[in-house]
Amino acid sequence: MANFQNSGVLSCEKLVEAYRHKAKVNKPGEAVKLIFEGVGERDVYNISAPFEDEGELVIAGRVERRDSEESEIWFFVRRGEHWVPREGAPVFGLQDPFFTRIGGELIFGGVQTFPHPELEGALSWRTVFYKGPCLHQLELFFQGPDQMKDLRLVELSDGTIGVFTRPQGEKGGRGKIGFAKVDRLEDLSLEVVQEAPLLEQFLDEEWGGSNEIHLLANGKLGVLGHIARFDEQGDRHYYPMAFGFDPATGQYTDMEIIAERADFLPGPAKRPDLADVVFSGGLVRQGDGKATLYAGISDAEAQSLVIDDPFIKLEQ
């Protein structure tokens, strides 16, 4: 059985060091740039993993001008080597799309921005959730607390719902992961989200969040997320990470970094301080010991990378 224990809080630096040591022997595969058409001069980044909708594979992507934070989520389908906007698909005024399935329904969400209630000229944000049988029939069903990104849901093996949170501020500092459970979607509330106990994973000056939750064969969870820090110059460094979580006991494994910017192809950055950013979009497990990681790169483009499946050892 996988041992769901951890060594306490680990720094980003230590995790990067461990990853690079491992990668010397076990290098990731070739990275691939995802080419998006039909978006004009805009960038597509912070994509979801591909998912099936009405028999067709679809990717959701954040579509945005290089000099703006005003974004939309579009849905794309593959045509040859390119991804093109799916005809008739909805467009959402959101950032950073994600999806899961609960009770046979598609659950889709993203980050909604709006004017900050107190700070003049600043933005606030919240995570919003839609559900429906397919993309064309999605309806809003939950809005998370203000100032919370990276709120994620997962259907557990007993049919209950796992809720991964990420408060910032007085509770959570720059951003820490919490976990709660509800019996059904209808029981999801701001109170449940805000009172979720936090996992002890991040240094106070660093931060992270969950991006996609995988229900594993043994009922445990594989969490795909990110860990981030500032350097002395104020530049950001974001790394995709993964860890195991046991929803029955609340125990979890150490985070491990699963890729870094240098593993991907060179490309543009939205701003100089975002050059070393990899934002985990989703992971497709291939069943042969490998997985394909889909990621936003430097807030300007999207790439995929074949890596070792980080969740296999958690199922043993």
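Which residues form one aromatic cluster? The residues Phe75, Phe92, Phe108 and Tyr130 do so, in a structure that is a predicted model.

**Aromatic rings**

- The cluster of Phe75, Phe92, Phe108 and Tyr130 belongs to a structure in which the count of aromatic pairs comes to 16.
- Trp207 and Phe230 form an aromatic pair of the tilted kind, with 4.9 Å from centre to centre and 50 degrees between the planes of the rings.
- Because Trp207 lies in strand β15 and Phe230 in strand β16, this pair ties together parts that are 23 residues apart in sequence.

**The surroundings of Tyr252**

- Tyr252 is found in the loop between β17 and β18, and with a relative accessibility of 11% this residue counts as buried, since buried means under 20%.
- Beyond its neighbours within four places in sequence, Tyr252 is in contact with several residues, including Phe4, Gln5, Asn6, Leu199, Phe243 and Phe245.
- The side chain of Tyr252 also reaches the backbone nitrogen of Glu200, at 2.8 Å.
- Although Tyr252 and Asn3 are 249 residues apart along the chain, their C-alpha atoms are separated by 8.7 Å.

**The largest pocket**

- The largest pocket has a volume of about 670 Å³, and of the 26 residues that line this pocket, Glu69, Lys149, Arg236, Tyr238 and Asp299 are the closest to its centre.
- Six strands, namely β8, β9, β10, β16, β17 and β19, each supply at least two residues of the lining.
- Sorted by class, the lining of the largest pocket has 11 charged, 10 nonpolar and 5 polar residues.

**The second largest pocket**

- The second largest pocket, with a volume of about 340 Å³, is lined by 20 residues, and those nearest its centre are Phe99, Thr100, Glu212, Ile213 and His214.
- Strands β8, β12, β15 and β19 each supply at least two residues of this lining, and β15 gives the most, with 5 residues.
- The lining of the second largest pocket divides into 13 nonpolar, 4 charged and 3 polar residues.

How values were computed. Residues are numbered from 1 along each chain as its sequence is written. This is a predicted model: local features need pLDDT of at least 70, side-chain atom pairs count only at pLDDT 80 or more; totals for chains, interfaces and linings use all residues. Side-chain values use heavy atoms; hydrogens and water are left out. On a 1 Å grid over the protein atoms alone, a cavity is a set of points where a 1.4 Å probe fits but cannot get out, and a pocket is an open set with protein on both sides within 12 Å along at least five of seven lines; lining residues have an atom within 4 Å of a point. Grid points are joined across faces, edges and corners, and a volume is the space filled by probe spheres set on the points. Helices (H or I, at least four residues) and strands (E, at least two) are DSSP runs, numbered from the N terminus. Ala, Val, Leu, Ile, Met, Phe, Trp, Tyr, Cys and Pro count as nonpolar, Asp, Glu, Lys and Arg as charged, and the others, Gly among them, as polar. Buried means under 20% relative accessible area, exposed over 50%, partly exposed in between (1.4 Å probe, protein chains only). Contact means heavy atoms within 4.5 Å. A polar contact is a pair of N or O atoms within 3.5 Å; within protein, one must be able to donate a hydrogen and the other to accept it, and residues adjacent in sequence count only if both atoms are side-chain atoms. Rings of Phe, Tyr and Trp (its six-membered ring) pair if their centres lie within 6.5 Å; planes under 30 degrees apart count as stacked, over 60 as edge-to-face and the rest as tilted.
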